[in-house]
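This report goes through a structure chain by chain and then turns to the places where its parts meet.

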Amino acid sequence: MMRLPKLLSMLVTLLACAFLLVPTLQSVLAGITANYFRGISSGLTLKWVIEVWTLYADSIFLSIWLAITCLAVTLILGVPAAYALARNPGRLSRVLEEFISLPLAIPGLALALALLQLYGSQQGFRAHWSFILVGHVLYTLPFMVRAVQAVLAAIDLKTLEEGAASLGAGPARRFVDIVVPNALPGILAGSLTVVTLSIGEFNLTWMLHTPLLKTLPVGLADSYASMRLEIASAYTLVFFVMIVPLLMAMQWASARAQRILS
Amino acid sequence: MKETPVTARSFGVLCLLPLLIFSLAFLALPLVRLVLSSSEGADGWSVYIRMLQTPRYLAALLQTLLVSGAVTVAALAVSTTAGLFLTRNRFWGRSALLSILTLPLAFPGVVVGFMIILLGGRQGLVNQITPGHVVIAYSTFGLFLGYLYFSIPRVLLTVMAAAEKIDPALEEAARSLGAPAYRVLWDVLLPALRPAMVAAGAIAFATAMGAFGTAFTLATDIDVLPMVIYTEFTLSANFAMASALSIALGVVTWGVLLIARSLSGGTVAAGG
């Protein structure tokens, strides 16, 4: 017989699972049911998913585009910086690291207000997709830097580099041939995190977007407010199909990078 | 030939330069602008005094603190229980349960809000299976459920990482000395988990304080701080007060994470 504490903690675990899973299943089901109010008996259909595609395809493509450009920018800004920070672990590096991590501690809404009040009057920038990109990069950059830095801190970078330097490799050559290949598990984990977070980002994006530039989550908020439940659900289903594989890949890559660290 | 330290150093600077320029232009300067903007209203710098004297803002602050505090306690209780159960038992379907519990990590706040609408909204599950008209989604309790929804996975992962590092010998020793289960939990497991619980609690609290997406979907009638900031900025065009309130909010969330980190010794970050 199972002891009472174990039974209780199993019950709590299962209840928590049900709390998280049941509404996601409801949303999947509602997205493919002809009439959610009448239930499954009204038949299964893909018409809501197709309607979502005609209504919101642009926002889906904008989100994919933003995620790709955000990844490119965080790679360019983050990987060399992580290397420099790992190479010079001093007080100054710590301060800089703290500073770029501020977007993790300050609510996105506050950051968006700050960006809007500084750059909002520059119409060319304000109405361009790169304005949303800036928000996404701000929010995802610390994840890239940390993921790469953690891997670089765990390997003996100095010895590797001295070996290469004694063979005549300059700093740029060492970065490309020694640092990047060794940091790859961290870069992969960081990249998947950046893409997953960028596709789902709402708090900053809602403030930074314009009516002509709606991302996937902005479109979701829009459909929750103004569309029938089946369309809102079908759109959420489309989002799940995109985000769940990414999340699983991200967790796999992070676990793999962790194993290399230990 | 050995290279001069100068080349190595200038390469290091070159590596940092793009990040420095970006952070200066899009993080440092906008934050300075935000602080200055807060003083550019009719009240000047005393906008912060007026913020503390206006009942509506104070009530919103109190409401936000209460909901976030309640969510933190609930998420810690649920996730520590589930986390201990999942680390200490191996059974068929365990990894499936773990996947379900970490699923909401990638959900934006608006989607979490929609999940609560599906559970407790007008066409929601609770309303369908209970007699009478039960709509909980748009109440403070609905907001609490929404925040709990996205807090459970974050707390769970931190607690589980710590629970896996606890030496099983400690527990065995306590048990062989005759300690009952609740004493093992209270005297052995919870003290070992304390740093992780402080860190995870701080993340849950800070995330709930700043949660905008979920509040945007659910709290049409509830004054939580992010919603007040949003309406001040967009509807009332009261930029100074919106800036002052978001600075106050940012200082609270940043401060909570900082304190938690000095208590737990690890890295703590919110986000989402």
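## Terms and basis

Helices and strands are DSSP runs, numbered from the N terminus: a helix is a run of H or I with at least four residues, a strand a run of E with at least two. This is a predicted model, in which local features need pLDDT of at least 70 and side-chain atom pairs count only at pLDDT 80 or more, while totals for chains, interfaces and linings use all residues. Residues are numbered from 1 along each chain as its sequence is written, and chains are lettered from A and ligands numbered from 1 in the order in which they are written.

## Chain B

Chain B has 12 helices and zero strands. Its C-alpha atoms fill a box of roughly 85 × 70 × 30 Å along the principal axes.

Chain B has 272 residues, of which 47% are buried; a buried residue has 20 or more other C-beta atoms within 10 Å of its own, with C-beta atoms placed from the backbone. Helix α5 of chain B covers residues 109–120 and reaches 16 Å from its first C-alpha to its last, close to the 16 Å expected at 1.5 Å a residue. That expected span is 1.5 Å times one less than the number of residues. In α5(B), 12 of 12 residues are buried, including F114(B), M115(B) and the glycines G109(B), G113(B) and G120(B).

## Chain A

Chain A likewise comes to 12 helices and zero strands. The C-alpha trace of chain A spans about 75 × 70 × 30 Å along its principal axes, and 49% of its 262 residues count as buried.

Helix α2 (residues 47–87) and helix α11 (residues 216–226) of chain A pack at an angle of about 150°, with their axes 8 Å apart. The axes are lines fitted to C-alpha atoms over the stretch in contact, and the angle, on a scale from 0 to 180 degrees, is taken between N-to-C directions. From α2(A) come Y56(A), S59(A), I60(A) and S63(A), and from α11(A) come L216(A), V218(A) and G219(A). Residues are in contact if their C-beta atoms, placed from the backbone, lie within 7 Å.

## Where the chains meet

The contact between the chains takes 68 residues from chain B and 62 residues from chain A. On the chain B side, helix α1 (residues 5–38) gives the most, with 18 residues.

By class, this side of chain B has 51 nonpolar, 15 polar and two charged residues. Ala, Val, Leu, Ile, Met, Phe, Trp, Tyr, Cys and Pro count as nonpolar, Asp, Glu, Lys and Arg as charged, and the others, Gly among them, as polar.

Methods
Two residues are in contact if their C-beta atoms, placed from the backbone, lie within 7 Å.
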